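Hello,

Here is the structure for your files. My notes follow below it.

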Amino acid sequence: MKIRLDRTICDGFGLCGKRAPGYFTLDDWGYANVAGDGSVPDQDTDKVMRAILDCPVHAITEIGEPKPSIPHPELHDEDDPASHVKTEDNEAEWGFVR
């Protein structure tokens with residue numbers, strides 16, 4: 001796991017330093033810095049993830065390999081939501097009036 005901190009977003013709450021003190025340091029005003037190069041070994045992933053999730057302004061992100069995407073099922077014409085779009089013919093059914 002590798003982490004990145006956006007100092008322009010950080011508001012100095014200091015929760016990251018409390019949750020994972022070995023990976024985040026706080027300056028005199030409480031703003032965070034990443035200690036080291038941002039690499040986190042597997043045994044400390046839980047502490048750092050807690051710090052990421054507890055950050056109220058989401059200044060910390062996990063960076064790394066993108067996760068594989070899940071293929072979407074193919075839609076058939078009868079399943080297509082666009083085929084059921086509200087039109088002038090069915091406005092009264094949906095409660096819309098022009």
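Where is the place of Ala32? Ala32 sits in strand 3 (residues 32–34). Helices (H or I, at least four residues) and strands (E, at least two) are DSSP runs, numbered from the N terminus.

This is a predicted model: local features need pLDDT of at least 70, side-chain atom pairs count only at pLDDT 80 or more, and totals for chains, interfaces and linings use all residues. Residues are numbered from 1 along each chain as its sequence is written, and side-chain values use heavy atoms, leaving out hydrogens and water.

Ala32 is buried, at 1% relative accessibility. (Buried means under 20% relative accessible area, exposed over 50%, partly exposed in between; 1.4 Å probe, protein chains only.) Not counting residues up to four places away in sequence, Ala32 touches Leu5, Arg7, Cys10, Cys16, Thr25 and Leu26. Contact here means heavy atoms within 4.5 Å.

Now the salt bridges. The count is five, each a side-chain nitrogen of Lys or Arg within 4 Å of a carboxyl oxygen of Asp or Glu.

- Arg7 pairs with Asp27 at 3.8 Å, N to O. Arg7 lies in the loop between strand 1 and helix 1 (15–19), and Asp27 in the loop between strand 2 (24–26) and strand 3, so the pair ties together parts 20 residues apart in sequence. Arg7 is partly exposed at 43%. Asp27 is partly exposed at 23%.
- Lys47 pairs with Asp44, with the closest N and O atoms 3.8 Å apart. Lys47 is partly exposed at 41%, while Asp44 is buried at 16%.
- Arg19, Arg50 and Asp54 form a network of salt bridges.

Best wishes
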